[in-house]
Amino acid sequence: MQPIDRLKAVIEPFRQEIINHKVYSAIKTIDDLTVFMQYHVYAVWDFMSLLKTLQNNLTCTSVPWFPRGSADTRYLINEIVAGEESDIDLLGERKSHFEMYLDAMQQAGADSSQIMRFLSTLQENGSLEKALLNSETPTAASDFVRYTFDVIHSQKPHLQSAVFTFGREDLIPGMFLSMIQDLNTNFPGNISQFTYYLERHIEVDGDHHSHLALQMTANLCGDNQTFWQEAEQATIASLQQRIRLWDGVYETLLTNQSVAQPVPADLG
C-alpha cells in the first residue's frame, strides 16, 4: 500500500464521523444556520492562513527572488492560492473565499461582529490569544484556530500540507454535501450566497484543488517514513479538532433551541 493510501485508510473513520455529524440535522431554521456560520467562519479564515503559510514556505515570496524548492510543488501551491484568494463570487466579482463567506453571512443575517473584532485585534497587536479573548470567540472555535496555528508554527511544510490536504481540502466536498441538501428550499432568498460558496467548494476543491493538494503532500513527504508518520498524527489531530468544533456548534444549537421552546401553560 502506498503511504498516501495508508494515511487515507487510517483517517477514514474520523472523516466519516465529520461527514455524518449530528450538527447537520440540527440546523432547522435560518437562526440555526447563522449560529453554524458564526463558528465556521473561523475555520474559513484560518484555512487562508494555512494556505499562505504553505505558499511562503514552498515558494519565494520575498525580494530579491531566488528559485526555491521544487517547481512542481511551487506550481501546485500557487494554483491553489489563485483559486482560494481570488475566485469568482456569485456576482462575477473577484474575491477570496473568506470574503465570499462574509458576504454570505451578511445575506443570511449572521452576526459577523465577533470575527471582525478578532481580526482587527489581531491586526493591531499580532497576538492570537489576545484577539481570541477580546472577541470572546467560542471555546470550540478558539481551540480549532489554536491547533491550526500550532501547525503553522511547526515550520514543517509536510505537516502543514497534510493538515491542509486531509483536514481541509480533501474533506470539504463530502462534509458540505451533507449540509447543502434542502437549504434553498428551507431558506429561500436568504442563503443564495452561502449555497454558492458551498457549491463552489464542492466543484473546485473536490474536482481540482484536492488533487493538487494530494500531490503536494506526496511530494513533500516523499519516501521519508518519519514525515508520513508525523503527517498522519497531525491529520488525525486536525480531524479531531473539526469534530470538537462541530460538537461546539451542536451544543449551542441545542441550548438555543431549548430556550426557544414555548413554556407550556400551567394546567394546575
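1. Glutamine 155 is exposed, with a relative accessible area of 54%; here exposed means over 50% relative accessible area, buried under 20%, and partly exposed in between, using a 1.4 Å probe and protein chains only. This is a predicted model, in which local features need pLDDT of at least 70 and side-chain atom pairs count only at pLDDT 80 or more, while totals for chains, interfaces and linings use all residues. Residues are numbered from 1 along each chain as its sequence is written, and side-chain values use heavy atoms, leaving out hydrogens and water.

2. Staying with glutamine 155, its phi is positive, about 60 degrees, although the residue is not a glycine. Glutamine 155 sits in the loop between H8 and helix H9 (157-169). Helices are DSSP runs of H or I with at least four residues, strands are runs of E with at least two, and both are numbered from the N terminus. Another non-glycine with a positive phi, of about 55 degrees, is glutamate 136. Glutamate 136 belongs to the loop between helix H7 (128-134) and helix H8 (139-153) and is exposed, with a relative accessible area of 59%.

3. One more loop deserves a look.

4. The largest nonpolar core has 84 residues, and Met37, Phe118 and Phe194 have the most contacts inside it. Such a core is a set of buried Ala, Val, Leu, Ile, Met, Phe, Trp, Tyr and Cys residues joined through side-chain atoms within 4.5 Å. Helix H3 (residues 30-58) gives this core its largest share, 16 residues. Beyond its neighbours within four places in sequence, phenylalanine 194 is in contact (heavy atoms within 4.5 Å) with residues including Leu33, Met37, Tyr101 and Met179.

5. How enclosed is H5? Nine of its 12 residues are buried, so H5 is largely enclosed by the rest of the structure; among the buried ones are His97, Phe98, Tyr101 and Asp103. From first C-alpha to last, H5 (residues 97-108) reaches 16 Å, close to the 16 Å expected, where the expected span is 1.5 Å times one less than the number of residues. After H5 comes glycine 109, with a positive phi near 85 degrees.

6. Tyrosine 196, in helix H12 (residues 192-221), has a polar side-chain atom 2.6 Å from the backbone oxygen of isoleucine 88.

7. Which residues line the second largest cavity? They are Asp89, Leu90, Met100, Asp103, Gln193, Tyr196 and Tyr197, with H12 giving the largest share, three residues. This cavity holds about 50 Å³. A cavity is a set of points, on a 1 Å grid over the protein atoms alone, where a 1.4 Å probe fits but cannot get out, and lining residues have an atom within 4 Å of a point. Points are joined across faces, edges and corners, and volume is the space filled by probe spheres set on them.

8. Last, glutamine 257 in helix H13 (residues 225-260). Its side chain reaches the backbone oxygen of alanine 26 at 2.9 Å and makes a polar contact with the side chain of aspartate 32 at 3.1 Å. A polar contact pairs N or O atoms within 3.5 Å; within protein, one must be able to donate a hydrogen and the other to accept it, and residues adjacent in sequence count only if both atoms are side-chain atoms.

How values were computed. 1 Å grid on protein atoms, 1.4 Å probe; cavity = no way out; pocket = protein on both sides within 12 Å on 5 of 7 lines; lining within 4 Å.
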